[in-house]
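Please look over the sequence and the model below before reading on. The paragraphs that follow move from aromatic rings to a loop and then to a single helix.

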Amino acid sequence: MSDSENPAADVPDGQPDPVLVGPGLKALKQEAYTDATNATPSLDADKKSQPDSDAPSYFANVPGTSTEGIDSPDLSSIPEKSQGTTSSGQDLLRRLSLVGESSPVLPEVDPRTQHPELKLSGRLISAAFCIPYKLQFQAGSDWSLKPRSGSSALFDSFADLASEDSPWSHTLVGWTGEVEPVLDAKAPLQPVPANKLPPGSKNPTASPINKAAAPVPVNATQKPPSHPLVDGISVERQDREKLDSQLASGRHGRILPVWLSDASEEPQDTIVLKDQGRWRRYSERELYPLLHYKQHGPTDGRSERRWWADYIRLNQLFADRIVQDYQEGDVVWVHDYHLFLLPSLLRQRIPDIYVGFFLHSPFPSSEFVRCLPKRKEILTGVLGANMIGFQTFSYSRHFSSCCTRVLGFDSNSAGVDAYGAHVAVDVFPIGIDARAIQKAAFGAQEIEKAVAGIRKLYAGRKIIVGRDRLDSVRGVAQKLQAFELFLERYPEWREKVVLIQVTSPTSVEEEKEDPENKIAGQISNLVSTINGRFGSLSFSPVQYYPQYLSPHEYFALLRVADVGLITTVRDGMNTTSLEYIVCQQTNHSPLILSEFSGTAGTLPGAIHINPWDLVGVAGAIDQALKMPAPQRREQHLKLYKHVLTNTVGAWSRQFLHRLLTNLSSFDQSVATPALDRAKVVRQYRKARKRLFMFDYDGTLTPIVKDPQAAIPSDRVLRTLKTLSADPRNAVWIISGRDQAFLDEWMGHIPELGLSAEHGCFIRQPGSDDWKNLADKPDIKEWQKEVFDVFQHYTERTGGSFIERKRVALTWHYRRSDPEYGKFQAQECRKALEDTVAKKWDVEVMAGKANLEVRPTFVNKGFIATRLVNEYGTEPGKAPEFILCLGDDFTDEDMFRALQKFDLPQDHVYSVTVGASSKQTDANWHLLEPADVINTIQMLNQSSNQDH
Ligand SMILES: O=P(O)(O)OC[C@H]1O[C@H](O[C@H]2O[C@H](CO)[C@@H](O)[C@H](O)[C@H]2O)[C@H](O)[C@@H](O)[C@@H]1O
């Protein structure tokens, strides 16, 4: 049902086009596009293929003029382009309370003026799996372009971005899709072998679509499908260039086709297209099912490895194409799961590129994603983007949670900290081009005829309409089961209600090739059972049509419906439900919508059902059929306002606006620059007195699961030894670890100064003795109370444990469920702050997957201050080079302490280890402990050069 996330976004081989909406519909009006044998039209003509301007306008549909019952509100002054781009439009929307109810309508403003700091070029490159055309090819001739079906909302958004009103110069990068050879119009069609056809489909050469069987007059002019793919098509360079020029301008902007082939050397004169379907396999057999909560059985993994290799190559070829065209300041917007790896591939080549990613399909719980063998590659691939958008909040939450659980990255509802960068995560439910749908659905003679025809056919009966693809996730079986139960439980409706269910063949690779065609079989059994139980010789309560509909038939069906029934068990965004709402502008028939559709959250005015609860669905059908007119009108109005305000144009503006806002706020205020090593070396070499303060965990060694396993490597020890051997250097380890640990691992380097337990203990260089700075008589008492609270949470948080030191106590939850552990830590912290911390002079600190309690009067900042003071702060005495490094909250005390001294700026380097987006008082950042060691080694080497 949803085509915004249609995996194939295409017609199965050898099939006629399914329902076309949006650009498809508009383009359909151009006969030449549908005729493979005609000369290829110029894409400019495409612009003219907008719906007829004399078609009755939805927006001119003022109250009282409707012929179909209760009217819609007067939206006549909403501007055609984007409903709200002018002040009058905004006023009207406000008057209708459209603004503020849904996402705000953003005006078209040139992003370059709005964000001068980003130095935008004004060019937007969209990357989508396929271009919006199906290609037919004959060497030496023009290419034949037919509108590609599916993904209508997405293609409409490209048209919007490329329109004259858009501030962007738009380029679309997409795969050519499976290229077919042009058929000789006069040559007889060869029968297609049955095994090459999708299950349930008719042999195109055998018989035309059964006109009599259709619920509405079937488009008899519909062409038989083109033949299945021919393998091994050779495309010469001049033919590819010809396609480039045919696609150079049009309603979607400039289109750059990506040629997917095995050829490894660039550029090839001839590209041979073989087994073209392979480029879909990984995404449609592995990713699509997983994203929709479907798991296949175990396999030997060989095919999957091949598909994965193709998936990588596909993403690389997209990256190549974009990089070839890229100009500084371009924004790249990547769409959907076929291109999960593209953001990182682009960032590897252009580190400061602006990239947004939008996922059109659902994103499942981490419990599902973790089953994917390539889970890490997929997640890190997409994390190359600056912002990742989802259809619903729950999908975005699942994604962030996956990054925490699978990759161990910090995340919250605003985003994920990945590899030193903050990746924003946000929610943008897609809309439709409501105005185009309205124009397409109303007024044309054929549609009016079809509407009248269906009404006549089912006169006196209520019509429930369902239109879905025959994928298992679309819930057609559940719908039929619920309808059967409805007829059983509400006998008063028998003979008075008909369910018209139209299904187009599946587009899911895996299901297409199911030899048993299980779903189709199941559906047809259910239909027979219901019609057998509740039908009669003259009437069948289920009218089932496994076929494609023309746009006219499709819109006519949506218009005559008394109830729209969508029982999908999983889908990203259901565009049919949005189109249904537009088509019901005058009837106001209720919409029953599965809560598992991504659309449900944005359509609270629909009747939400759980498709697995058949009794509930049956009850909802009864409720919808009996709904009084005023209630129907009221519910519909809410839905209608939503669909009209949240158009696909508003969606893309919203996405780009937030991407740029994120980029600019990130650039300006939060980012901590990477440590300028050249500057550090210069000052280091100049300085005669130098002070080093190193935190230990997360700074000198990477964070690991078991605290006892975080031991310094030989390289770390050698580096520290060399550094501290220089008499000009004072080198200190200032750690939360206890004395025993520091003695054991670093105690053998006599030149090192050590401080343990966040400043509670100190051991001077050259000494074996530890001095206790936290010696107070009450220690045992507060320790006991802290221990009891920690113990309480340890018992209730699997995997957590307590580390007892001499003074401080640490509760660790790194081995617990990351989200539950974090939650329990918040609770535990609250409990400690409300009790122990109020009674005693202790501080509760949140560390890395831990909580620590230590006396308030000592901390790492206190030690840092003490050390600088020991050197002397007057000019001539003060250290001329201070390097202080740490990674967590407790180290911020040191950074703050250093700010209090009046020392020359270029003498003091406070460095946080981690993302540049981290909230910190440090002036610089380094990504990871390895960078710290590299930096120190560099200083050591620079000293050698001095000698
Ligand atoms: O001040 P530091 O030297 O950074 O020490 C802080 C705490 O580090 C240790 O715990 C942390 O590192 C462990 C090993 O990588 C890791 O498993 C744990 O999750 C981290 O919280 C140490 O165990 C604590 O005693 C220190 O206070």
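**Rings, a loop and a helix**

The charged end of R804 is placed over the ring of F787, at 4.4 Å from its centre, and K776 likewise lies over the face of F857, 4.5 Å from the ring centre; a charge sits over a ring if NZ of Lys or CZ of Arg is within 6 Å of the ring centre and within 35 degrees of the ring normal. This is a predicted model, in which local features need pLDDT of at least 70 and side-chain atom pairs count only at pLDDT 80 or more, while totals for chains, interfaces and linings use all residues. Residues are numbered from 1 along each chain as its sequence is written, and side-chain values use heavy atoms, with hydrogens and water left out.

Across the whole structure, a search finds 32 aromatic pairs, where rings of Phe, Tyr and Trp (its six-membered ring) pair if their centres lie within 6.5 Å, and planes under 30 degrees apart count as stacked, over 60 as edge-to-face and the rest as tilted. One of them joins F155 and F158 in a tilted arrangement, with 6.3 Å from centre to centre and 40 degrees between the planes. Both residues belong to helix α6 (residues 152–162), three residues apart, or about one turn of the helix; helices (H or I, at least four residues) and strands (E, at least two) are DSSP runs, numbered from the N terminus. An α-helix has 3.6 residues a turn, so residues three or four places apart point the same way. F155 counts as buried because its relative accessibility is 2%, and F158 is buried at 0%, where buried means under 20% relative accessible area, exposed over 50% and partly exposed in between (1.4 Å probe, protein chains only). Elsewhere, Y684, F692, F694, F881, Y909 and W924 form one aromatic cluster.

In the loop between α15 (445–457) and β15 (462–469) lies G460, which is exposed, with a relative accessible area of 79%.

Helix α28 (residues 818–834) is the last stop. At its start, a side-chain oxygen of D817 comes to within 3.0 Å of the backbone nitrogen of E819. Within α28, the residues G821, Q824, A825, C828 and L832 are buried. Because these residues cover an arc of only 110 degrees around the axis (taken from the directions from the helix axis to the C-beta atoms), they lie on the same side of α28. What covers the buried residues of α28 includes α27 (779–796), β27 (809–812), α29 (836–839), β28 (842–847) and β29 (850–855), with contact meaning heavy atoms within 4.5 Å.

Notes
A polar contact is a pair of N or O atoms within 3.5 Å; within protein, one must be able to donate a hydrogen and the other to accept it, and residues adjacent in sequence count only if both atoms are side-chain atoms.
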